[in-house]
Amino acid sequence: MKTDRHTRPRHKHAAADSTRFRPRPTAIALAVCALLGSGGHAWAACTAAPSGATLSAGLLAPASGDTVNCTALTEAAIVNTAATGTTVTVAAGGEVRSATLQAPAIALGAGVSITNAGILFADRPGDGTSVRNGGTVTIRGAGNTINNSGTIEARDGTAIQGLISGSRATGTVLTNSGVIRNTNDTAASGHAAVNIGDNAQVTNSGTIEMRGGGTREALSAGAGSQIDNQASGVIRAVETRTYTSGSFVTSGATGVQMGANSTLVNAGRIEASAPI
């Protein structure tokens with residue numbers, strides 16, 4: 001009986017002592033910050049080295065030779081058309097889009113290398129003053145490489161633009177296992193999904209798609225280009241609307257358009273819708 005009387009208070013003390021282990025407010029705050037940091041969106045999730053360029057007024061301007069790494073949402077445009085030999089890597093879960101309309105996600109000088117496993121997006125990327133007639137990804141000059149396993153998308157514009165006046169892209173190597181597409185919802189004229197320039201090498205095992213019309217293409221490659229559409233590859237142009245200029249109506253959609261002396265090897269699907 002004495003043992004029972006001694007053990008009962010111990011149980012009461014154990015229940016009371018448990019309140020001594022409540023987490024401190026500081027610990028709770030740190031835990032919440034850790035959760036938000038691991039799952040939330042970062043405002044400036046791109047780093048540029050060795051220049052150390054930082055986000056300013058919605059713009060990240062890397063220097064020539066910089067390596068830019070993006071790991072989460074970045075509400076900015078990565079733009080410096082004078083920067084050459086720049087490398088940009090967007091990781092899975094990373095996303096680059098302009099915080100304002102009418103600006104590319106990426107627009108750099110010649111010799112750029114872009115690897116995207118995340119999302120690159122722009123709304124009317126060529127309509128503003130940042131890069132006139134640009135695309136979500138805008139390339140210039142020679143020696144550009146794009147490796148996409150994520151999504152590159154434009155609304156009312158071109159997803160990959162290599163036909164900038166005075167600095168057209170040449171010899172671009174594009175490897176796509178993801179999705180490259182544009183949707184021309186409200187634009188005054190149609191846009192190709194991809195304008196790749198002359199002497200391009202395109203290997204597609206993913207999807208390249210233009211949704212719109214106005215006699216535009218899913219993939220437009222310049223003279224001397226080589227296109228390999230692999231077994232899982234889809235190149236598709238879907239006419240969703242026509243465009244009117246005065247009494248003239250343009251309609252139609254083209255899967256692939258190539259310049260002179262170009263070659264196409266197709267083991268996948270190339271599709272174009274009939275005029276609506």
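Reply: Happy to! Let's begin with Arg155, which forms a salt bridge with Asp156, their closest N and O atoms lying 3.8 Å apart. Please keep in mind that this is a predicted model.

Another pair joins the side chains of Arg97 and Glu95, with an N to O distance of 2.4 Å. Here Glu95 is buried, with a relative accessible area of 14%, while Arg97 is partly exposed at 25%.

Next come Arg236 and Glu271, whose side chains meet in a salt bridge of 2.9 Å, N to O. This pair links distant parts of the chain: Arg236 sits in strand β22 (residues 234–241) and Glu271 in strand β27 (residues 269–272), 35 residues apart. Glu271 is partly exposed, with 26% relative accessibility. Both residues also belong to a network of salt bridges that links Glu209, Arg211, Arg236, Arg269 and Glu271. In total, the count comes to 9 salt bridges.

Arg140 lies in the loop between β11 (135–138) and β12 (145–148). Arg140 is buried, because its relative accessible area of 17% is under the 20% limit. Leaving out residues up to four places away in sequence, its contacts include Thr81, Leu108, Val131, Ile164 and Ser167.

Key: Residues numbered from 1 in each chain as written. Predicted model: local features only at pLDDT ≥ 70, side-chain atom pairs only at ≥ 80, totals over all residues. Heavy atoms only, no water. Helix = DSSP H or I, 4+ residues; strand = E, 2+ residues; numbered from the N terminus. Buried < 20%, exposed > 50% of the residue type's maximum accessible area, 1.4 Å probe, protein only. Contact = heavy atoms within 4.5 Å. Salt bridge = Lys/Arg side-chain N within 4 Å of Asp/Glu carboxyl O.
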